[in-house]
Amino acid sequence: EAIHFLAEDNGEPVGAMRLIAFSDKEQFFRGLYELPLNFASLDVKKVLEISRVTLLKRARSGRSFLKMLEAAHQYALNRDIDYFCGTLRVELYRRIRIIGLNFCFVSEPFPYHDHEKWKIVAFLSPIKENMKGIRGKLTI
């Protein structure tokens with residue numbers, strides 16, 4: 001099961017993201033990562049994978065990304081989801097951290113396919129905690 005989100009600015013598409021539900025542990029992180037011990041009993045049905053996040057450069061400094069994140073987090077909260085998981089370029093993590101989102105890394109950084117310069121890390125991100133930060137930024 002997947003749902004897609006579209007960010008708009010004045011009716012024009014400026015970004016998108018996808019959320020995927022897991023049906024079992026074998027699908028979780030596609031079996032590529034072991035969870036840290038403190039997440040060993042995590043119910044994967046309470047986790048959504050966030051992926052294919054994209055935003056036009058001109059929209060990255062605006063509210064479009066925050067509004068798209070808010071919609072995804074609200075969708076997850078309405079379905080009693082506890083965490084998002086996914087992979088993220090380490091360089092982008094630094095930018096996203098400014099928003100105030102909390103990430104728990106569940107892998108060491110590794111190169112993305114043939115791009116030695118791109119380091120990727122797998123993460124879990126708490127929905128309720130991060131929703132507070134997103135809403136706080138949107139009220140400023």
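Strands here are DSSP runs of type E with at least two residues, numbered from the N terminus. With that label in hand, start with strand S3: it supplies seven residues to the lining of the largest pocket, which is the largest share of that lining. Keep in mind that this is a predicted model.

Let's stay with that pocket for a moment. Its volume is about 1,400 Å³. A total of 42 residues line the largest pocket, and the closest to its centre are Val-53, Thr-87, Leu-88, Leu-92 and Ile-96. Which elements give two or more residues to the lining? They are S3 (47-55), H1, S4, helix H2 (90-97), S6, S7 and H3.

Strand S1 covers residues 2-9, and strand S2 covers 12-21. S1 and S2 pair in the antiparallel sense, with eight bridges between them. You can pick out some of the partners by eye: Ala-2 has Ile-20 as its bridge partner in S2, and Leu-6 stands opposite Ala-16 in S2. The hairpin they form has two residues between the strands, and there Asn-10 takes a positive phi near 55°.

One spot to look for is Ala-21, which stands opposite Leu-48 in S3.

How many cavities of 30 Å³ or more does the structure hold? There is one, and the volume of the largest cavity is about 30 Å³. The largest cavity is lined by Glu-1, Ala-2, Ile-3, Leu-19, Ile-20, Ala-21, Leu-48 and Tyr-75. S1 and S2 are the elements that give two or more residues to this lining, and the largest share, three residues, comes from S2. By class, the cavity lining has seven nonpolar residues, no polar ones and one charged one.

Strand S4 (residues 83-89) pairs with S7 (residues 115-126) in the antiparallel sense over seven bridges. In that pairing, Tyr-83 has Pro-126 as its bridge partner in S7. Strand S5 (residues 104-105) pairs with S7 too, antiparallel and over two bridges, and here Cys-104 stands opposite Leu-124 in S7.

Then there is S6 (residues 110-112), which runs antiparallel to S7 and is joined to it by three bridges. Phe-110 has Ile-120 as its bridge partner in S7. S6 and S7 form a hairpin with two residues between the strands, and in it His-113 takes a positive phi near 45°. S4, S6 and S7 are also among the elements that give two or more residues to the lining of the largest pocket.

Which residues do H1 and H3 span? H1 runs over residues 64-78 and H3 over residues 127-138. Their axes come within 10 Å and cross at roughly 145°, and the crossing is left-handed. On the H1 side, the residues in contact are Leu-66, Lys-67, Leu-69, Glu-70, His-73, Gln-74, Ala-76 and Leu-77. They meet Ile-127, Lys-128, Asn-130, Met-131, Ile-134, Arg-135, Lys-137 and Leu-138 in H3. Sorted by class, this contact has eight nonpolar, three polar and five charged residues.

And that brings us back to the pocket where the tour began: H1 and H3 both belong to the elements that give two or more residues to its lining, while S3 gives the largest share.

Conventions
Residues are numbered from 1 along each chain as its sequence is written. This is a predicted model: local features need pLDDT of at least 70, side-chain atom pairs count only at pLDDT 80 or more; totals for chains, interfaces and linings use all residues. Side-chain values use heavy atoms; hydrogens and water are left out. Axes are lines fitted to C-alpha atoms, for helices over the stretch in contact, and angles run from 0 to 180 degrees between N-to-C directions. Helices (H or I, at least four residues) and strands (E, at least two) are DSSP runs, numbered from the N terminus. A crossing is left-handed if the near helix is turned anticlockwise from the far one by less than a right angle, and right-handed if clockwise. Contact means heavy atoms within 4.5 Å. Ala, Val, Leu, Ile, Met, Phe, Trp, Tyr, Cys and Pro count as nonpolar, Asp, Glu, Lys and Arg as charged, and the others, Gly among them, as polar. Two strands pair if DSSP finds at least two bridges between them. On a 1 Å grid over the protein atoms alone, a cavity is a set of points where a 1.4 Å probe fits but cannot get out, and a pocket is an open set with protein on both sides within 12 Å along at least five of seven lines; lining residues have an atom within 4 Å of a point. Grid points are joined across faces, edges and corners, and a volume is the space filled by probe spheres set on the points.
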